[in-house]
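Trainee: Pick one loop in this model and take me through it closely. After that, show me what else you'd look at in the fold.

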Amino acid sequence: MKKYLAEMVGTMVLVLMGCGTAVSLNCGVDTASVVGTAVAFGLAVVAMAYTIGGISGCHINPAITLGCLLTGRISGKDAGMYMLFQVIGAFIGSGLLALLVSQVGADGTQTGANACANGPVAACIAEVILTCVFVLVVLGTTDEKKGAGNFAGLAIGLSLILVHLVGIHYTGTSVNPARSIAPAVFEGGAALNQLWAFIVGPFIGAALAAGIWKMVSCEK
């Protein structure tokens with residue numbers, strides 16, 4: 001149960017700090033807000049990687065958990081429980097963010113929810129590509145034999161910054177179904193209607209990343 005709770009706390013921090021920065025900076029208005037939001041998500045991952053990595057591995061993302069499941073690093077039971085507690089953590093983070101926003105008299109619907117700049121199909125394709133790159137970095141850097149060791153958390157956080165810098169313009173960047181589900185539920189409307197793209201896309205991308213890693217890491 002400790003590792004499940006760790007995933008819940010880690011995802012809560014990711015959503016609160018990442019989406020919270022997006023809301024505070026009004027992400028998308030100018031270049032500085034995009035860069036700031038990207039850095040916030042990356043720093044949140046780095047912080048949590050070195051905080052709970054030794055307890056749960058710090059997936060804090062159902063797409064990463066799926067990638068680990070498909071590469072045999074986690075059992076089906078643990079994968080299901082990880083995803084459940086990640087979503088719970090995301091709802092806690094979104095709830096805290098909504099509370100903070102309401103306390104300053106701002107629009108209570110500001111949650112950092114994803115948005116489809118060119119329609120949900122295009123967003124889904126973007127999420128497939130971005131998630132594939134991100135999960136591939138995770139699988140590679142955390143590999144027991146070929147990985148980056150203690151530098152894995154830093155590499156993963158930096159790669160998440162890079163992914164956000166590319167993807168914010170197109171989708172607001174998810175690459176993480178839990179990060180998308182909770183804000184969309186709080187936001188409602190279009191964010192909820194388009195949510196499928198931010199669940200399907202990351203899961204497909206994670207599956208592709210698992211396949212690629214198996215192929216390139218195979219010693220035969």
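Mentor: A helix here means a DSSP run of H or I at least four residues long, and the runs are numbered from the N terminus. With that in hand, and remembering that the model is predicted, go to the loop between helix 2 and helix 3, where you'll find Cys58. Its phi is near 55°, a positive value in a residue other than glycine. You'll find Val175 in the loop between helix 6 and helix 7, and with a relative accessible area of 1% it counts as buried.

Now move along to Ile60. Setting aside residues up to four places away in sequence, Ile60 touches Glu7, Gly10, Thr11, Leu14, Val45, Met48, Ile52, Gln86 and Asn176. The largest nonpolar core has 45 residues, and Ile60, Phe134 and Val135 are the ones touching the most other members. At least two residues of this core come from each of helix 1 (2-24), helix 2 (31-56), helix 3 (62-70), helix 4, helix 5, helix 6 (152-171), helix 7 (177-187) and helix 9 (197-217). Helix 1 gives the most, with ten residues. There's another core apart from this one, made of five residues, including Cys116, Ala123, Cys124 and Phe198.

Another loop worth a look runs between helix 4 (76-103) and helix 5 (120-141), and Thr111 sits in it. Beyond its neighbours within four places in sequence, Thr111 is in contact with Cys19, Val23, Leu97, Pro183, Phe186 and Glu187.

Next, the charges. Side chains of opposite charge can pair when their charged atoms come close. Counting a Lys or Arg side-chain nitrogen within 4 Å of a carboxyl oxygen of Asp or Glu, you get two salt bridges. In one, Asp78 pairs with Lys3, and the closest N and O atoms are 3.0 Å apart. Asp78 is in helix 4 and Lys3 in helix 1, so this pair ties together parts that are 75 residues apart in sequence. Asp78 counts as buried at 15% relative accessibility, while Lys3 counts as partly exposed at 29%.

Arg73 and Asp143 form a salt bridge too, with their closest N and O atoms 3.6 Å apart. Here the link is loop to loop: Arg73 lies between helix 3 and helix 4, Asp143 between helix 5 and helix 6, so the pair ties together parts that are 70 residues apart in sequence. Arg73 is partly exposed, at 33% relative accessibility, whereas Asp143 is buried, with a relative accessible area of 17%.

One last stop is Val101 in helix 4. Val101 is buried, with a relative accessible area of 5%. Its C-alpha atom is separated by 25 Å from that of Val46, 55 residues apart along the chain.

How values were computed
Residues numbered from 1 in each chain as written. Predicted model: local features only at pLDDT ≥ 70, side-chain atom pairs only at ≥ 80, totals over all residues. Heavy atoms only, no water. Contact = heavy atoms within 4.5 Å. Core = buried A, V, L, I, M, F, W, Y, C linked by side-chain atoms within 4.5 Å. Buried < 20%, exposed > 50% of the residue type's maximum accessible area, 1.4 Å probe, protein only.
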